[in-house]
Amino acid sequence: MSVKIMADSASDLTKEYFSEYNMEMVSLTVHLDDKDYEDGINITPKNVFDAMRNGKSPKTSQVPPQAFKSIFTEYAKSKQPLVYLAFSSELSGTYQTAKMMEQEVKEEYPEADIHVMDTKCASIGYGLVVLNAAKMAQEGKSMEEIIDDAEKRALHMEHIFTVDDLEYLKRGGRVSKTAAFVGSLLNIKPILHVEDGKLIPLEKMRGTKKLLGRILEIMEERGGNLENQVVGISHGDDLERAEKLAEMIKEKFGVKEVVIEYVGSAIGAHAGPGTIALFFLNKSFY
């Protein structure tokens, strides 16, 4: 039986990808206006960004344990191999919950071929790791081959991004109050990256004009074999800037394929509207 790939909604892949590659999806929860929504199912990123522009503060919570338990049990019973590539454990408790449910199910079904892996990635950076695993599964590759490739890709996936307003990351406890206050006061736009699954500020830029150019410079410093890899861009309801960045990348590095998607509702609830994120494999991957 071929290996089934599962991911959560923080991969920011649309439903179309999940159906095209026949993958399982679990959703993080978005709380908005006293209601709970399933990320990627019954709330759109646009809903979240519009609400944030109107001063609302959506909250998020991890995938419920029961969702994992029922899926893992189903795969254990049918004896189909399953790999769940999880959103960074540094940004959500989802991975830990999945591990607990994996152990519970394996106590009942010791033979279950279920593997849970922490990608330490987020958004389309995580999505690109998942898509590659899904392609390998379709080609009939083994569980070991898929996990090895996913681990290597996840380790070398660069996440370079900027947010329009640090206030949103502050609300979600992702940056300090002081950093957010100083940033908004001086029109400072931060460039951040993900290191070992955590959000780390890289540098600060004054204003937005030079921002994309600087992101490109970082890509040049860190990226490897760019013309032959799929590059990802996600945006917080700013398609125009995402497309501009994609054009700049194609022109400068000869990149042939760029995947552009919305920053999903769960991640968007922390990053806010105007976020631009770029994902590519670094030199050490090659």
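A residue is called buried when its relative accessible area is under 20%, exposed when that area is over 50%, and partly exposed in between (1.4 Å probe, protein chains only). Keep that in mind as we follow the charged side chains through this structure. It's a predicted model, where local features need pLDDT of at least 70, side-chain atom pairs count only at pLDDT 80 or more, and totals for chains, interfaces and linings use all residues. Residues are numbered from 1 along each chain as its sequence is written, and side-chain values use heavy atoms, with hydrogens and water left out.

Our theme is the salt bridge: a side-chain nitrogen of Lys or Arg within 4 Å of a carboxyl oxygen of Asp or Glu. Searching the whole structure turns up 19 of them.

Let's start with D50 and R53, whose side chains meet in a salt bridge at 3.0 Å, N to O. Both sit in helix α2 (residues 45–53), 3 residues apart, or about one turn of the helix. (Helices are DSSP runs of H or I, at least four residues, and strands are runs of E, at least two, numbered from the N terminus.) D50 is partly exposed at 30% relative accessibility, and R53 is partly exposed too, at 41%.

Now look at K69 and E104, with their closest N and O atoms 2.8 Å apart in a salt bridge. K69 lies in helix α3 (residues 65–78) and E104 in helix α4 (residues 94–108), so this pair ties together parts that are 35 residues apart in sequence.

Finally, D238 and R241 form a salt bridge at 3.0 Å, N to O. Here R241 counts as buried, at 16% relative accessibility.
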